[in-house]
Structures are given as C-alpha cells and as structure tokens.
Amino acid sequence: MLIRLAGGRVYDPAHGINGEIRDVWVRDGHIVATPGPDAPIDQTYDLTGRVVMAGAIDMHTHIGGGKLNIARAMLPEDHRRDPRPRTALTRGSCGHAAPGTLATGYRYAEMGYTACFEPAILPVNARQAHLEMGDTPLVDKGGYVMLGSDDFLLRLMASGAEQRLINDYVGWTLNATRCIGIKVVNPGGISAFKFNQRRFELDEAHPFYGVTPRDILRVLSRAVHELGVPHPLHVHSSNLGLPGNYPTTLGTIDAAEGLPIHLTHIQFHSYGAEGDRKFSSAAARIAEKVNSTPNASCDVGQILFGQTVTASGDNMTQHRNAGLASPKKFVVMDIECDAGCGVLPFKYRDQNFVNALQWAIGLEIFLLVDDPWRVFLTTDHPNGAPFTTYPHLIRLLMDKTFRNERLGLIHADAKALSTLASIDREYSLYEIAILTRAAPARLLGIPDIGHLGAGATADITVYRDEPDRERMFTAPEYVFKDGRLVVRDGKVVQVTWGRYHMVAPAYDRGIERRLEEHFARYQTMRADSLRISDDEMAAFGHGGELRTHPCRGGTP
Amino acid sequence: MPAPDRPGVTCPFCGLVCDDLRVGPGTRGLAVTENGCAVAARGFGQVATATTGPRIAGAPATLADAAAAAARLLAAARRPLIGGLGTDVQGARAACRLADQTGGVLDHMNGAGAIRNLLVLQDSGWITTTLSEIRNRCDLLILAGGDITSRFPRFFERTIAAPEALFGGDRQCATVFLGRGPQAGVTLPGPVEVIGCEVAELGQAFGLLRALLAGRPVQATSAAGAPLAVWQGLADRMRAATYGVVAWAAPDFDFPHAELAIQTLCELVKDLNRDTRFSGLPLGGSDGDITVDAVSLWQTGFGLRAAFGAGGPTQDLHQHATARLLASGEADALVWVSSFDPARTPPASTVPTVVLGHAAMTLPAEPAVFIPVGTPGVDHAGHLFRTDRVVALPLAALRGSALPSVAEALDAIGAALEGGR
Ligand code: SF4
C-alpha cells in the first residue's frame, strides 16, 4: 500500500524542513523516500495549501492511573456536562477535565495527537495505569514511574548505599513497571508528609531518613544517566505553588550537577514573593536559568481559565491547597510506603489575581526561553487546564494581537505586574512543530516518531492553513496513525489502539533478593507481584505492539 | 489434570487479594496449604463440576448457541441490566462494552453498600490510606462498625499484627472497636478497647467527636449508646495518635442515609489532619466490586450504576439500583454475572434472565440462558483491584479448565448481537 501525500507545506524540524512544498510518501505504515516514477500509487491526497506535520506528542499528560480515576469518580458533574455519545465506530464515554479513557483517545486523535505520555505512575499502581492507557484508543502511550518518596529508596540512601545499588533498583523498577522514564515528585516530600511535615525544603533533612531532596535529585539523576535511559530525570520540584518558590527551582536545576534534568510544569515553580500581595512573576529568572543551562529542559504547565481538576502525586501540596478546591471536595491519599496522591477540583478565574498572574507567568516562560527544543507545550493536563485547550494555547503563542487582547481581560493588578505586553515574540509553525513533535520525540529517545523522514512511523497530521490558529489546530483535516487514516475533518473515522513505548535498562539481578525480602517484611504484596509481564501488557493494550527502546551503552 | 502445589498464589475471594497463598490439589477442588483463611479455603475448595455446560431454558446447549439465545433476548430488550458483576478486570471491560452496545445499565451485587462510599467521594471526598501504610505506621486503629474479620479475615494479620514495621520495632498499635468486638481467636498486638455502641447511630458519635475536637460546647451526654466521657477519651486519643486510621466496611453501615454517617466520619478525619496525620480506610473490593467500578469509571467517566443510551453514558447512584430497576420493570432483561461465589445467585424477578454463573451454582429458578463460567484466579488468569483502589494484582490459572471466562462469554454474546444486526 503506497500513499502519496502530495504538495503540502511540510514542517519537519528534525530534518530542518521549514514550510517547504513537498510530497510525503507512506508505505505499509511507514514514511518512505520518494519511490521511483514507476511505483504504483494506491492512493493520493492532494494537500495543496495544507500544513503537514508529524503527529503531535504530549510528553506530560495525566491520562491514566489511580489519581485520574479518583478524579473521574469525584466529578460526575464534569462528565454530565460533556457527554460523548456512542457512534457506529466509537463507544460512549464522557468528561471534560477528567474524561474517560475512550473519550481521551478519541479527542487527542481528533486534535492531531498520536502519542501521549503519562508522567506519574506509582510503582504499586503501574498495572492500573497501563490498564487505563491500554483502554485509551488511537494514540501511542508510555509512562514515567515515580520514585523518590518510596521507603525502599530512602532506606537505601539512609544506609549509605552505593550509587550502583540505587541504579539497580531504578533499573529494576523501570523493567518491572514497563515505563520509559523516571519521575520524582516533591522529592522525599510525599514521605515527609506521612511524618506530618507540611513543607519540605530542598536542603532540609527528611524527618526520619535524614536525606535531603537535593540528595534524592542527585542520586536519581545519576541513576537515570548511568543506566543510559534517554529521557532525563523528570522532576516536579519541591514547594509547588508557593509564593517565592523560584529559588528552590533554580536549586533543583543545580542539584542535577550538570546531568540532564527535565523540570515539569515549571510555571507552578516560577513564583516570586514581591509586591503588595507577596506574589509575583519570576519567569524571567527561571527562563534565564534554563537558557544558560544546556542540560535542563522544561515543560510549562500553562494554566487556562475555567473549571478543571488538579491531580498530583504531591499529597503534601494538595493537602495544603485543599481549602482552595472548587467545588469544595478533595481526596488525599498515602499509598503503600511508595508514594501518595491528592486530587482537588479547581476553577482558574481570570479575575483572581493569583490565577491571572499564573496565566501570564506561563506565557512569559514560553516566550522567554530561547530554545524551542528545551521548552514543551503542556498544561499538565488536567492540572493547568484540560488538554483540549491546546489549540487555544497555540494561538496565544502564535498571535501577539490575540494574546494582548486576552491580557486585557485579566485581573488588572496581575496585568500590571506582568511583562507579557512587552514581549513581541510570536511562535512560528516551525517552532510549534518543534515543541509538539520533534523535541518531545528527541527528549524521550524514540527515534521513529515526531518527524517525517524515511523510516519514521507514519503518524501524520494535516491541517488547513487557517489564520485563526486555534481553529486550525482544533480540527485537522486528516490524521494518519501508522499510515492509516483515523481522523477526517476532526472526527474519528477508524479506531486503532496505538503502541506502547518503554525502556528496559540492564541491572544487576542481585537487587531482586533484597526487594523480595523488603516486601515480605514490610509490604502487603510480594515484590514479584509488582512486575508486569509482556502477556499482561498485550492484553491491556488490545494487542498493540510493545516497543522497547534502547538505552545508551548497548543495553536492550 | 491434577494441579501442582504452588506458592505465591493470589486469592480472589475478598478485597484484601492476598498474594502469598500456597495452593495445591484438594480432596474436592483445590486446597489452601499456607496463608489462607476460611473464606479462601471455601473459595478454592469449590468444585467446577465438569459436566455442567451451558443451557437454554434448561436444555443443554453449546456456548455459541447459548450466546446467540442471550443475544436475541438482549436485542429484544429496551433497557437490559447487566448486574451481579462478580468478575475481574477483563470481565468488567467486556461488561462495559456490552452495556454500551445494548443501551444497558451496570450495577454490582454489592452496589447497595458500595454507593454509600461513592456518594461521599462524589460529594466531599476523603483522606485515605492503604494496607502497607497501616502495617508500618498505624499507632491507633479504629474499626467503625466493629470487627471486620468475617468479611476480611486476614486484615489484622496482614496489617497491624505483622511482626515487623519500618519505623522501629517497638511500634504498638492500639485498636478500638466501635460496635462488635474482635472474634474469638483473633489476637491483636496492642491494647484493645471495645466501645459497644449502636452502629446505626454512629453518625451522631462522629458528629460529637468533631465537636469535641473543635472544642465546641457540647450538650449531649451520650451518643450511639455510649457516654460522653467515652467519646471524649477517644477524641483525645485520636488527637494524640501519630498516624491514626479508621477503617470501615460500608455493608456494615446498613441503615437509612448511612452515607451521611460515613461522610461525617470522613470530615472528622479531615479535621484531624489539620494538626496530625490520620486516615480513613474504606474496606471493599470483594466480588470485584471495586474492580468493576474502576473499569467502568476509566472507560466511560462513570462507575457503578452507569447507564448507556443515545445521549452518552449517565449515572444515577439511587435510580440505577438493581432492586429498583427490577421491581419497577424499568429493566426488561437481566444479565447476571457471578464468577467467584456460587451462592450469589440472581435476585428473584420476572424479567428474562441470562446467568453467567460459577459452575457450581444451583439456581432457585431456571433462567432463560445459563452459561457456566470459570473463576478468575482459579480457572483462568485475571486481575483484581484490592480494597485500597490502588493495587491491582494478577491472578493465575491454577487448573486446566474448559470453562469460558466471563469476558469470553460476554464477548460471545456481543459478537452474536453484532452479527444478528
Ligand atoms: S483474607 Fe481474603 S484475600 Fe486473603 S486469603 Fe482470605 S479470602 Fe483470600
């Protein structure tokens, strides 16, 4: 089956292609070089005047796992307002801020996304996360497994264990839980909260183990690096949301000691404490730090106004903010000497000073970080806003007039404190293609997605080139997944299940005996029960392919 | 084929889903040889009668014919109820698919108890914990509603009575029973107090505890049949606990508006967390109730008592109750699923019924269609969620079995429906 996508304007930053008119050829699910003139073409799409990009990749979106299901359970009102009725092709599902997995997959694909990565998988909850992602149609999936407040690691560190042992544990965890990266959330803080600590500073000793968040960041970033895992340590820093937290964020970047580090939803960590309200933007300082630290990358976690739900592993922060829940309800959990979670519905309001400034801070970061390869387009779905707001966010980045109009509508004091109006930068389509395609694929170490070169998986999105970029990115004309047309004019026309991306670094199996013993003595399940098999993954994912990506240094 | 004796078996017979059993061949069925309990022994000891096959109106039939008969019955129905739902993750996935396909309603045989917690979760939320946290941290365990070991036999053994804890060997957990005290033979490591009280009036007591903890003036001299001084003593202990936990099993809260009592309890736990750490533990998960709720939730946005129709899924925790749907005639067909326990037979009703039942099930009345199904974790592999809604454990096939799984049987019905249209 040979398909010719003819004459579109192609944006493929991985190959430096910036809006050239050219053909893209697809054979049997892959992109191929231009075939000879005699090759029989099965199908041609005339894409004159259209914009062609690889399928978009969301590298940080909470789409599966326990806390999202708690959010779903808590928000019947959210679902009622946003039903997605069954069609001949698709099943009934619903939800706006915490949609069902079926609605999630359909809607992502309908926006031109073809891969999504769940950023907070608790080891003990990994099976559920994979079950949920398995039931998310159309997009590829993968996840980052959370360490850093688990008693096994903290005990190892407190006992002065060598880095080698920590690497083995991290390697075992990635293999057992079928993930592609390591996440740390409020390092040590989730554990400290279980000891009734309510704040946990970067250089503060853990109340029981004595180790500091900085120590945890150092050993985990080293483990990820030494295991050769392509995705850098994915960090949700300490002190999320606290006024004046930006020095913690700067310190967190330094804690990696020059090794690769990814700071997630950095907007929530870029706050000063200046002004009458003791809340100000530190976006410029944060952006300057990212600009001058080549080993650092970030995603923004932009907030957008409206109802959403915040769902995080950071139970300490979520409990602190519980009084801000809207509607007034929340769930906080301590989980299995492994981690925790907190879920609270939240409504961001443009006339609320803090929310308005948060909105401006996120945009300032987008516009002040120079290198589009090191800043990623996220709302930390659903924490800053549901993923369905991405087209609106893209327009804010691409259209200065529109942005300034919006700025005019927010709380006047917040507007006055923001430098946003003075920033002229507008993102180009090429840069948007970097943020949402080329860069995430590169940061994840997945060689065959996020670009349109020969050999790539044929995940391709075709847009009408509309001046209203929000409209343009809301409903692509065509979306191809593995070379198959799955979306036409923003509606699903075929359902597939996507594949699964993970890594399996080599480690010394000696760690398994220690783990079995630890679990037998202290936990309520066997360590072996944590391990998810290939058969399970295949059953969870409707038979979708499992793809294990290589780690540096020749391990599988 | 005789099953070999194997360690590390995961038990599907209550919401604790213990994964440390040793199970081998028994005189009838399988025998638990290590780490079991009476409920597990009974569950594994059930014999899947090999001669039992599908039936249509009592007459032997093939699976394909039985599925086709069930499909005809469902095709003729306006609003089928897919109930019972004693099944695992795969069975729940298939049930959701079939409910969507037929415009049906999903409820669970434990729904009446489960919704008492779900109503609280939807309305105000809670602060909760999980089994391993209790095992290692808990220094005050309160059992609201009294002893829960008849429903969760190894609860103490696997939590506070475990020999070791992470944070110091001298950890001693005090236990307070509100209601029935511990069963004979249950030994607990620390001091035990039994506050004999009326479970149906516990809501009052929780309200009183909230007032006492807040230092508000209190008029009452007693609550739930226990004097004020007892509650004052408990309030003081709760405040002083380093990591207190209150556990309850919603089926024990079997009185009108029990969700309000549970809600007051959850708000009490939230109050305590202003200054100390304290958590709730809603116990459930037996017969796959938490599993089915979780699967339906993640796929569709709505858990138990979801209904499917032209406008998309909806949910009504009161209206979509099995008993009401059957009594009112709103449900005009019933698919009853019960793969763990042969005693959980469908409720009496006049609507045409398809039973996907444990092979050892004897039914009070012959249904339109009966399909014997395997038990997950015995006859076929599967997955089950534990009481804490966090841990999902794999279940293994322990014996060769020709019985279809619930998922296979439901998918066969779904395929027959598809083909018949
Ligand atoms: S306590 Fe429950 S899960 Fe554990 S062995 Fe007994 S029945 Fe099985």
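Trainee: How many salt bridges are there between chain A and chain B?
Mentor: This is a predicted model, in which local features need pLDDT of at least 70 and side-chain atom pairs count only at pLDDT 80 or more, whereas totals for chains, interfaces and linings use all residues. Residues are numbered from 1 along each chain as its sequence is written, chains are lettered from A and ligands numbered from 1 in the order in which they are written, and side-chain values use heavy atoms, with hydrogens and water left out. A salt bridge is a side-chain nitrogen of Lys or Arg within 4 Å of a carboxyl oxygen of Asp or Glu. Between chain A and chain B, the count is nine.

Trainee: With which residue does Asp100(B) form a salt bridge?
Mentor: Asp100(B) is found in helix H3 (residues 89-102) of chain B, helices being DSSP runs of H or I with at least four residues and strands runs of E with at least two, numbered from the N terminus. Asp100(B) is buried at 6% relative accessible area; buried means under 20%, exposed over 50% and partly exposed in between, with a 1.4 Å probe and protein chains only. Contact, meaning heavy atoms within 4.5 Å, links Asp100(B) to residues including Arg91(A), Gly92(A) and Phe308(B). The salt bridge, with its closest N and O atoms 2.9 Å apart, is to Arg86(A).

Trainee: What area is buried between chain A and chain B?
Mentor: Buried area is the accessible area (1.4 Å probe) that two parts lose on being put together, summed over both. Here 61 residues of chain A are in contact with 60 residues of chain B. Carbon and sulfur atoms give 52% of the buried area, which is about 5200 Å².

Trainee: How far apart in sequence are the parts that Asp482(A) and Arg499(A) tie together?
Mentor: These two residues form a salt bridge whose closest N and O atoms are 2.9 Å apart. Asp482(A) lies in the loop between strands E22 and E23 of chain A and Arg499(A) in the loop between strands E24 and E25 of chain A, so the parts tied together are separated by 17 residues.

Conventions
Lists of a residue's contacts leave out its neighbours within four places in sequence.
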